[in-house]
Every structure is written in structure tokens, then in C-alpha cells.
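I set out my notebook entries on this structure below.

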Amino acid sequence: MKKDKVLIILRACPGAGKSTLAEILTSKENICTADDYMMEGGKYVWKVEKLHMAHSKCQEKCKNLMAAKTPLIVVANSATTKKEIQPYMEQVVDLYRRIA
């Protein structure tokens with residue numbers, strides 16, 4: 001029996017525990033979060049000028065994980081609007097069958 005591949009998109013306000021839940025669900029290498037690209041010297045430093053780059057890299061990581069047929073991928077970003085999750089929805093159409 002062929003197993004489904006699953007993309008989980010966790011959406012919530014900053015500090016709500018998205019990353020913590022993502023780490024419970026899967027391993028760090030299968031988690032896509034823009035926060036990973038806001039790190040400076042091992043510390044989280046949010047800068048508006050890095051926001052676009054951080055989300056682009058997060059989307060690219062997700063796309064690469066999907067192409068590698070990773071069975072479970074978790075995206076953990078604030079993504080408060082449909083526009084912010086649209087890139088993931090477009091990526092998932094051909095590669096994955098379920099969005100949770």
C-alpha cells in the first residue's frame with residue numbers, strides 16, 4: 001500500500017508554539033520556518049529587511065523536501081493570510097495528496 005505524503009502548515013501568531021509543535025511532529029530537517037533564516041550568531045534577530053529572503057528560502061526548502069518525496073513536512077510560519085500560504089498550496093498540488 002502506498003503511503004500518502006503529508007504537508008502540515010502550522011499558522012498562528014508569533015510565540016504561539018508553532019516551532020515547538022513542529023519539533024514534536026517531525027525532525028528538524030523536515031521543518032520549514034522562516035525563523036531559521038533570522039538567526040545571527042545563534043540568536044533569533046527579526047529584521048524586516050530579511051523577511052522576504054527568509055520566506056523565499058523557507059519556500060525553497062519546502063519545495064526541495066517535496067521533490068525528495070519526504071513523507072512528512074511541517075511548515076511553521078505566522079502566515080496569517082491566504083496570500084502567505086499560497087506558495088505552499090501551489091507546490092503541493094503535483095507532489096502531495098493531502099494538506100493538513
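Which element of the protein chain has the lowest mean pLDDT, and which the highest? I found strand E6 (residues 98–99) lowest at 54 and strand E2 (residues 31–32) highest at 98. Here pLDDT is the predictor's confidence in each residue, from 0 to 100, and strands are DSSP runs (E) of at least two residues, helices (H or I) of at least four, numbered from the N terminus. The chain averages 88, and 90% of the residues score at least 70.

I noted that the model is predicted, that local features need pLDDT of at least 70 and side-chain atom pairs 80 or more, while totals for chains, interfaces and linings use all residues. Residues are numbered from 1 along each chain as its sequence is written, and side-chain values use heavy atoms, leaving out hydrogens and water.

I then looked up salt bridges (a side-chain nitrogen of Lys or Arg within 4 Å of a carboxyl oxygen of Asp or Glu). The structure holds three. Lys28 pairs with Asp36 at 3.2 Å, N to O. Glu40, Lys47 and Lys50 are linked in a network: the closest N and O atoms are 3.1 Å apart for Lys47 and Glu40, and the distance is 3.5 Å for Lys50 and Glu40. The Lys50–Glu40 pair links distant parts of the chain, with Lys50 in the loop between E4 and H2 and Glu40 in strand E3 (residues 39–40), 10 residues apart.

Is Lys50 buried or exposed? Lys50 counts as buried because its relative accessibility is 16%, where buried means under 20%, exposed over 50% and partly exposed in between (1.4 Å probe, protein chains only). Glu40 is partly exposed, at 32%.
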